[in-house]
Amino acid sequence: MIIETIRMRHSTRKFLSYDLSAEEKERLMNFFRELPTLHSLHLKWTLRDLNKGSGVIFAPCPEKPNCLVEYGFQGEIIVLEVTKMGLGSCWNAGIREEGSPAGIILGKEDSGKVTLNDVLTGMGRRKELKSLVEGPLPKDERLLQILESCRLAPSSMNMQPWRFNVQNGDLYIWTKGNVIGGGHWIDLGIVLSHAYITALEFFSKVSIEKAAGDKYRVIMS
Ligand SMILES: Cc1cc2nc3c(=O)[nH]c(=O)nc-3n(C[C@H](O)[C@H](O)[C@H](O)COP(=O)(O)O)c2cc1C
């Protein structure tokens with residue numbers, strides 16, 4: 001179940017010295033080619049060496065809402081694949097290679113080390129689901145599981161800016177805009193990816209479309 005990978009993932013900020021193997025690099029390159037899209041934007045994901053971790057993953061993307069949401073959507077699907085590979089990762093808004101809005105650092109975790117950023121971002125603590133859902137929580141266990149997977153999504157400075165609402169079996173997701181830059185657009189894409197891949201485990205057909213007011217509607221059948 002993808003929720004297990006989602007629960008396992010956390011931001012890794014201390015890495016061991018480790019070079020990715022040829023197989024690991026190839027697995028990632030193949031994965032980049034098969035990524036689903038949200039707005040039919042095919043981003044050119046690249047893996048490059050970096051002096052942190054074993055490298056950084058990024059793609060050029062203009063600072064426009066649609067591309068930033070797409071970036072978060074595809075980038076987080078990569079992050080979860082990296083987690084499945086037994087590697088650590090961390091989104092990083094300070095690493096902007098070749099017109100990318102953020103980088104994804106990856107490598108082998110040097111576990112047990114707490115950094116200042118871990119402390120500043122509340123050690124990855126999450127808000128309660130009740131405070132994020134407008135209206136009553138759904139009774140359908142599948143929808144609750146999808147919402148839980150959304151709740152656990154990473155976000156810039158752990159702001160968790162998202163809000164959810166369930167109407168007639170569809171899930172609506174949006175973010176409260178943050179004041180510092182457009183980070184919340186990437187966060188929105190990230191949370192949409194969690195909704196999408198978790199919903200695919202319960203429903204045979206899942207699609208995401210834009211709704212009024214910068215909201216996204218997840219349709220499941
Ligand atoms: C778009 C984005 C940018 C981020 N930038 C940074 C960063 O520059 N430095 C950092 O240490 N963590 C960064 N993070 C990681 C978040 O702080 C982290 O996801 C959040 O605190 C939740 O913790 P968790 O990932 O361990 O669950 C970023 C996360 C996102 C989604």
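**Exercise 1. Determine how far apart the C-alpha centres of domain 1 and domain 2 lie.**

Solution. The separation of the C-alpha centres of domain 1 and domain 2 is 20 Å. Domain 1 covers 2–107 and domain 2 covers 123–220, with bounds from an automatic or database domain assignment. Residues are numbered from 1 along each chain as its sequence is written. The model is predicted: local features need pLDDT of at least 70, side-chain atom pairs count only at pLDDT 80 or more, and totals for chains, interfaces and linings use all residues.

**Exercise 2. Describe the side of domain 1 that touches domain 2.**

Solution. Begin with the contacts: 21 residues of domain 1 meet 21 residues of domain 2, a contact being two residues whose C-beta atoms, placed from the backbone, lie within 7 Å. Next, identify the elements: helix 1 (2–8) and helix 3 (65–84) each give two or more residues to this side of domain 1. Helices are DSSP runs of H or I with at least four residues, strands are E runs of at least two, and both are numbered from the N terminus. Helix 3 gives the most, with nine residues. Finally, classify the residues on this side of domain 1: 14 are nonpolar, three polar and four charged. Here Ala, Val, Leu, Ile, Met, Phe, Trp, Tyr, Cys and Pro count as nonpolar, Asp, Glu, Lys and Arg as charged, and the others, Gly among them, as polar.

**Exercise 3. State the extent of the protein along its principal axes, and its secondary-structure content.**

Solution. The C-alpha trace spans about 50 × 35 × 35 Å along the principal axes. The protein contains seven helices and eight strands.
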